[in-house]
Each structure stands twice: as C-alpha cells, then as structure tokens.
Amino acid sequence: MKQYCRYCGYLVTGNGIWCSRQEREVSEAVAKSTNRCHDFAYNPIDAFGENKKGYIPRAPKKKQ
C-alpha cells in the first residue's frame, strides 16, 4: 500500500498543514505525494476533502 500524508491520521489541515506526530509543518506538495514515513497511521478520509470516496488501495497483482 502506498503511503500519502493526506491519508495519515496525524495530518491536520486548516490554517496550515501540520504533522502532529513529527511536530512539523508540511507543504501541500509533500502531503500529496508518496512517502515512506515510519509514523504513518492509515485513515481512509482525505485530509484535504478532495477525494470524497476516500483512499481505496489497489489489489496486488497476481504473478503469472
């Protein structure tokens, strides 16, 4: 599963974009791109409210 800050439970949006776990401000470009954060906590709701259906990971492909 790919990790995005926008689907992390620790990301807070409003006046700015803030990671409450790492206690630092994050840019919008970083929050919307994939990452390998060790503190990632999956939350299916999009923090920016752009994806109404939420994050649905793809099923892994079967090897032939």
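Predicted model: local features only at pLDDT ≥ 70, side-chain atom pairs only at ≥ 80, totals over all residues.
Let's look at who takes part.

One of them joins Arg6 to Asp46, with 2.9 Å between the closest N and O atoms. Arg6 sits in the loop between strand S1 (3-4) and strand S2 (11-13), while Asp46 is in the segment after strand S5 (34-35), so this pair ties together parts that are 40 residues apart in sequence. Both Arg6 and Asp46 are buried.

Arg6 has another partner too: its side chain meets that of Glu50 in a salt bridge. Here again distant parts of the chain get linked, since Glu50 is in the segment after S5 and the two residues are 44 apart.

Lys32 has 26% relative accessibility, so it counts as partly exposed.

| Pair | N to O distance |
|---|---|
| Arg6 and Asp46 | 2.9 Å |
| Glu50 and Arg6 | 2.9 Å |

Put together, Arg6, Glu28, Lys32, Asp46 and Glu50 are linked in a network of salt bridges.

Now for the whole chain. There are one helix and five strands, arranged along the sequence as β-β-β-β-α-β. Of the 64 residues, 23% are buried. The side chains include 12 positive and 6 negative ones, and the centres of these two sets lie 16 Å apart.

How values were computed:
Residues numbered from 1 in each chain as written. Heavy atoms only, no water. Helix = DSSP H or I, 4+ residues; strand = E, 2+ residues; numbered from the N terminus. Buried < 20%, exposed > 50% of the residue type's maximum accessible area, 1.4 Å probe, protein only. Lys, Arg positive; Asp, Glu negative; His and termini not counted. Charge placed at Lys NZ, Arg CZ, Asp CG, Glu CD. Salt bridge = Lys/Arg side-chain N within 4 Å of Asp/Glu carboxyl O.
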